[in-house]
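Subject: Structure handover

Hello,

Here is the structure you are taking over. Please open it first, then read the notes below with it on screen.

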Amino acid sequence: MATSSLLRSISNCGFSGLVSRLALSSPHGRVCVSPCLHSQQRSNCTSSKIKVDLNSSTGVAVMQMQSPPVNSMSLEFLTEFNITLEKLEMDKSCRGLILTSSLPKIFSAGLDIMEMYGKSPERCGEFWKAVQEMWLKLYGSNMVTIAAINGSSPAGGCLIAISCDYRIMAENLRYSIGLNETQLGITAPFWFKDTMVNTVGHRNTEIALELGLLYTTPEALKIGLVDQLVPEDQVLTKATKTMAKWLAIPDHARQISKSMMRKPTLDKLLSARDGDVKNFVNFITKDSIQKSLQMYLEMLKKRKT
């Protein structure tokens, strides 16, 4: 019971608390779930950047990122992502979440560089709080979370994937995954690093972060960055079958085990959120970092032309 309460409190902190009060509370104090995420059988909810298909009979939601061209994590995207996770977390009929992309060849390209370039410190801080909230919700979720990675997943896209309980990726040599922030002249924060360490170990993480490595799918499987590779057209099917195995475990036992493994990592950020925001804002607004981002954006423009 204590562990379940702990996980609930993690999912309801900060931004999510505001969402709970404004979007999920009824006039009588009972928690309500948005109609688009709840029905007796199956419901579909489509918004600008996130699509959710919740099957209440199986307790599994499929959440598709659909923000062309590459599912970049802008403040708008993150806000919608966080609200959607909040609603699913509060829906008692939802026990499992499969996270995937509706876009071909890309899972998520990660954080939107335009949220970090030429923005005021206030805007940068607001953006970073939303990034923190996304990770806290996903990494600390009571639900079984499976990443169905049907395309490349660099940087923040990789963070989304390794925040899930299990990762299934399309077996395609054109796709890559990893935390490649140093290639942009920026560094991954400590909680990105901790999540990576918990997934592939200290030495693999040290090499990956210093070199900003992007792994091919076979390389990612070899170091444990992903758990399975399957043909591209079978990613979602395999994720659904795998989800059934996870849901066969009693929820309370699985949730307690998950908390034992993840609580120390979650607590590190929960106890240092304000400082982490300040560090990010101070770092990202430096002239040298802004220049690095400008050079990267110019390089992208040249590639397009």
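Predicted model: local features only at pLDDT ≥ 70, side-chain atom pairs only at ≥ 80, totals over all residues.

**A strand covered on both faces**

Strand S8 covers residues 144-149, and six of its six residues are buried, so the rest of the structure largely encloses it.

What does S8 pair with? Strand S5 (residues 96-101) pairs with S8 in the parallel sense, over four bridges. Within that pairing, Leu-99 has Ala-147 of S8 as its bridge partner. Strand S10 (residues 166-170) also runs parallel to S8 and is joined to it by four bridges. There, the bridge partner of Ala-148 is Ile-168 in S10.

**The chain as a whole**

The protein chain has 12 helices and 13 strands. It has 305 residues, of which 53% count as buried. Take the contacts between residues at least 6 apart in sequence: 74% of them join residues at least 24 apart.

**The nonpolar core**

The largest nonpolar core has 80 residues, and Phe-81 and Leu-225 are those with the most contacts inside it. Helix H4 (residues 121-139) gives the most to this core, with 10 residues. Leaving out residues up to four places away in sequence, Phe-81 touches Ile-50, Met-63, Met-65, Leu-99, Met-134 and Ile-160. One of these, Leu-99, is the bridge partner of Ala-147 in S8.

**Trp-135 and the aromatic residues**

Trp-135 is found in helix H4. Is Trp-135 buried or exposed? Its relative accessibility is 0%, so Trp-135 counts as buried. Apart from residues up to four places away in sequence, Trp-135 touches Gly-140, Leu-159, Ser-163, Trp-191, Thr-195, Thr-265, Leu-266 and Leu-269. Trp-135 and Cys-164 are 29 residues apart in sequence, and their C-alpha atoms are 9.7 Å apart in space.

Trp-135 also belongs to an aromatic cluster, together with Trp-128, Tyr-139, Trp-191, Phe-192 and Phe-280. The structure holds eight aromatic pairs. One of them is formed by Trp-191 and Phe-192, which are edge-to-face, with 4.9 Å from centre to centre and 65° between the planes. A pair of aromatic rings is described by these two kinds of value, the distance of the centres and the angle of the planes.

**A four-strand sheet**

An open sheet of four strands has the order S6-S9-S11-S12, and its pairing is mixed. Strand S6 (105-106) and strand S12 (215-216) are at the edges with a single partner strand each, so one side of each has no neighbour in the sheet. Strand S11 (residues 176-178) pairs with S12 in the antiparallel sense over two bridges. In this pairing, Ile-177 has Tyr-215 in S12 as its bridge partner. Helix H5 (residues 156-163) packs on the sheet and touches strand S9 (151-154) and S11, with its direction at about 100° to that of S9.

**Helix H7**

Which residues of helix H7 (residues 202-211) are buried? They are Thr-205, Ala-208 and Leu-209. These residues cover an arc of only 90° around the axis, so they are on the same side of H7. On the other side of H7, Arg-203, Glu-210 and Leu-211 are exposed. The buried residues of H7 are covered by parts that include helix H6 (190-200) and S12. Just after H7, Gly-212 takes a positive phi of about 60°.

**Backbone points to look at**

- Lys-105 has a phi near 75°, a positive value in a residue other than glycine. Its place is in strand S6.
- Ala-155 is not a glycine either, and has a positive phi of about 50°. Ala-155 lies in the loop between S9 and H5 and is buried, with a relative accessible area of 13%.
- Pro-68 and Pro-69 are joined by a cis peptide bond, with omega at about 5°. Pro-69 is found in the loop between strand S3 (60-65) and strand S4 (72-73).

Regards

Technical notes. Residues numbered from 1 in each chain as written. Heavy atoms only, no water. Pairing = 2+ DSSP bridges. Contact = heavy atoms within 4.5 Å. Axes fitted to C-alpha atoms, helices over the stretch in contact; angles between N-to-C directions. Phe/Tyr/Trp six-rings, centres within 6.5 Å; stacked < 30°, edge-to-face > 60°. Buried < 20%, exposed > 50% of the residue type's maximum accessible area, 1.4 Å probe, protein only. Arc of directions from axis to C-beta. Core = buried A, V, L, I, M, F, W, Y, C linked by side-chain atoms within 4.5 Å.
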